[in-house]
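Below is a short report on one protein structure. Keep the sequence and the 3D view open while reading.

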Amino acid sequence: MIRVLLLYGGRSAEHEISCLSARSVLEVIDRDRYEVVTVGITREGRWVRTDGTIETAPGDRLPHVADLGPSVGLIGTPDGPRLLTVDGEVASVGPVVDVAFPLLHGPFGEDGTVQGMLETVGVPYVGADVTASSIGIDKAAMKASFAAAGLPQGGYLAVHRSRWSQEPEAVTAELAAAFPPPWFTKPARQGSSIGISKVHEVAGLDAAMAEAYEHDEVVVIEQGIEHARELEVGVLGRGQLDVTRPGEIVSSHEFYDFEAKYLDASELLIPADVPAGVAERVDALARRAYRAINCRGLARVDFFATRDGAVVVNEINTIPGFTPSSMFPRLWAAEGLDYPALVDRLLHDALG
Ligand SMILES: Nc1ncnc2c1ncn2[C@@H]1O[C@H](COP(=O)(O)OP(=O)(O)O)[C@@H](O)[C@H]1O
Ligand SMILES: [Mg+2]
């Protein structure tokens with residue numbers, strides 16, 4: 001039996017989405033091969049040992065990790081990494097953990113922090129390592145890596161809070177000279193479209209920047225790619241990569257914001273109805289983007305395809321949405337790798 005540590009919940013806005021994903025993984029994971037140990041991370045960041053059931057509390061719409069029960073942590077021991085449970089004054093040590101599945105999105109989960117903890121105690125884990133995770137979550141670092149790899153992307157400018165507060169006119173002039181509005185302002189390290197605004201004219205920039213700086217000290221201002229289709233592919237592996245055909249997001253809002261992502265029904269078209277040339281281009285760029293950050297395990301790479309047939313990279317997500325109705329698992333299902341097989345493949349790759 002392989003003992004799997006399933007980490008879910010977490011300190012980001014996608015806490016509940018992570019719980020939904022974890023619940024689905026628990027439903028399908030092969031119990032003849034894997035013994036699952038579940039640890040929920042509360043919104044405040046406490047690790048709690050849970051009993052393997054993830055339920056939605058009465059009156060709630062989505063499940064979350066309750067701040068109840070003993071705390072746990074990971075420790076290295078001579079036999080390998082183990083969970084340490086602390087209940088009041090009493091500590092007890094659990095069995096050795098073989099592999100971890102950090103099913104956590106956004107800051108404190110997808111950004112290399114949890115991955116660093118797993119590295120420190122020597123637990124193999126599903127997904128990207130510390131460096132790739134921290135580059136992938138940081139839109140400024142990610143874009144710089146993509147630029148260094150020669151990948152096509154829209155124009156952008158990364159601006160530190162201190163520069164914006166000292167010389168907003170110079171930033172605005174630099175921006176206007178580089179590319180005209182609309183602009184997208186984004187906190188460098190967030191996710192779920194939180195803190196992102198679409199800015200139609202210079203007058204709207206101030207408020208949009210202020211909102212983005214609430215979430216990070218670096219804000220990326222991007223050229224708006226107008227009338228573009230949003231295409232996404234799933235990638236698996238390290239070295240030898242497998243890539244799905246593209247899927248398309250048809251957003252119910254002006255852009256794919258938080259509401260459109262999780263609350264309103266945005267449509268996912270899988271596979272996307274695109275010309276063969278566009279699909280091939282997306283495939284090739286996805287591989288290059290994955291390699292540009294030295295990713296491993298899994299990623300979803302997102303693109304904009306413009307009317308004139310150009311394809312630009314938007315971003316890479318190293319722990320993409322993972323509920324059975326999320327884009328990433330559905331892309332793989334369309335290739336014949338269904339949800340249980342996908343979970344198995346990820347754990348197998350992490351151990352390999
Ligand atoms: N440069 C852009 N041009 C046009 N639309 C954009 C641009 N950047 C973001 N968007 C829209 O905003 C959404 C969220 O932006 P994204 O960079 O993917 O943030 P997140 O990491 O939060 O998913 C995208 O899915 C897209 O709909
Ligand atoms: Mg996105």
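D283 is partly exposed, because its relative accessibility is 23%. This is a predicted model, and the values that follow are computed from it. The side chain of D283 meets that of R287 in a salt bridge, with N and O 2.8 Å apart. Both residues sit in helix α9, which covers residues 276-292. They are 4 residues apart there, so about one helical turn separates them. R287 is partly exposed as well, with a relative accessible area of 26%.

Side chains of opposite charge can pair when their charged atoms come close.

Helix α11 spans residues 339-351 and holds D349 and R345. These two form a salt bridge, their closest N and O atoms lying 2.9 Å apart. D349 has 23% relative accessibility and counts as partly exposed. R345 has a relative accessible area of 22%, so R345 is partly exposed too.

K143, K186 and E222 are joined into one network by salt bridges that share partners.

The structure holds 19 salt bridges. One of them links the side chains of R46 and D67, at 2.8 Å from N to O. R46 lies in the loop between β2 (34-41) and β3 (47-49), while D67 lies in the loop between β3 and β4 (71-77). The pair therefore ties together parts that are 21 residues apart in sequence.

How accessible are the two partners? R46 counts as partly exposed, at 26% relative accessibility. D67 also counts as partly exposed, at 47%.

## Around G69

G69 is placed in the loop between β3 and β4. With 46% relative accessibility, G69 counts as partly exposed. Leaving aside residues up to four places away in sequence, G69 touches R46 and V48.

Is T85 buried or exposed? T85 is buried, because its relative accessible area is 16%, and the cut-off for buried is under 20%. The residue is found in strand β5, residues 80-87.

Its contacts fall on both sides in sequence. T85 touches P70, S71 and V72, and also V90, A91 and S92. Residues up to four places away in sequence are not counted here.

## The second largest pocket

The second largest pocket contains about 270 Å³ of space. Its lining has 13 residues, and those closest to the centre are T50, T53, H64, V65 and A66.

What kinds of residues make up the lining of the second largest pocket? The lining divides into 7 nonpolar, 3 polar and 3 charged residues.

Notes:
Residues numbered from 1 in each chain as written. Chains lettered and ligands numbered in written order. Predicted model: local features only at pLDDT ≥ 70, side-chain atom pairs only at ≥ 80, totals over all residues. Heavy atoms only, no water. 1 Å grid on protein atoms, 1.4 Å probe; cavity = no way out; pocket = protein on both sides within 12 Å on 5 of 7 lines; lining within 4 Å. Points joined across faces, edges and corners; volume = space filled by probe spheres on them. Nonpolar A, V, L, I, M, F, W, Y, C, P; charged D, E, K, R; others polar. Salt bridge = Lys/Arg side-chain N within 4 Å of Asp/Glu carboxyl O. Helix = DSSP H or I, 4+ residues; strand = E, 2+ residues; numbered from the N terminus. Buried < 20%, exposed > 50% of the residue type's maximum accessible area, 1.4 Å probe, protein only. Contact = heavy atoms within 4.5 Å.
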